[in-house]
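Please read it alongside the sequence and the coordinates.

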Amino acid sequence: KKGAWVAASRAQGRKLTDWLIERIDAPDASTKNQPLTDDQFYALAALMRISTDTPRGRALRAVLCDGVPVASAARAEGITHQPLYRAVESAKKTLALAEACVRGSTRVM
C-alpha cells in the first residue's frame, strides 16, 4: 500500500506526508460541515481574538468558509499545517460552545 501512496504522491509532485494529509482532510460528502459565511467567520475570529489579516487567519478563513483542506490552505499561505489544525479545532470548539449558549445549555461535548 505504501508503495502505491508514494507513487501517487510523486505523480503529483508532492511529498508523501502532504499528499496523505490532504487525502485525510478531503471533505467527505456525508460528514461535511456547512461552511461559515464571511460575517460568521469574522464574528468567530473576534470571539477567538484571531487576527484575520495574517497568514494563519487567512488560512483559517479558507478552511472554514471555502472548505479548503487544512494542508492546502496552510501551503497557500506559506505556513505549517500543525498550527492551522490547532486553530481549526479551537474554532470548532468555540462554535460548539457558542451554539450551546444560544440553545441555553453550556454543556459541550
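1. Rings of Phe, Tyr and Trp (its six-membered ring) are taken as a pair if their centres lie within 6.5 Å, with planes under 30 degrees apart counted as stacked, over 60 as edge-to-face and the rest as tilted. The model is a predicted one, in which local features need pLDDT of at least 70 and side-chain atom pairs count only at pLDDT 80 or more, while totals for chains, interfaces and linings use all residues. Residues are numbered from 1 along each chain as its sequence is written, and side-chain values use heavy atoms, with hydrogens and water left out.

2. Searching the whole structure gives one aromatic pair, formed by Phe41 and Tyr42 in an edge-to-face arrangement, at 5.4 Å centre to centre and 70° between the planes. Phe41 is buried, at 1% relative accessible area, whereas Tyr42 is partly exposed, at 40%; buried means under 20%, exposed over 50%, and partly exposed in between (1.4 Å probe, protein chains only).

3. Leaving aside neighbours within four places in sequence, Leu60 is in contact (heavy atoms within 4.5 Å) with Phe41, Ile50, Leu84, Ala87 and Val88.

4. Thr94 is buried, at 19% relative accessibility, and its side chain reaches the backbone oxygen of Ser90 at 2.9 Å. Beyond neighbours within four places in sequence, Thr94 is in contact with Leu44, Leu47 and Met48.

Note on methods:
A polar contact is a pair of N or O atoms within 3.5 Å; within protein, one must be able to donate a hydrogen and the other to accept it, and residues adjacent in sequence count only if both atoms are side-chain atoms.
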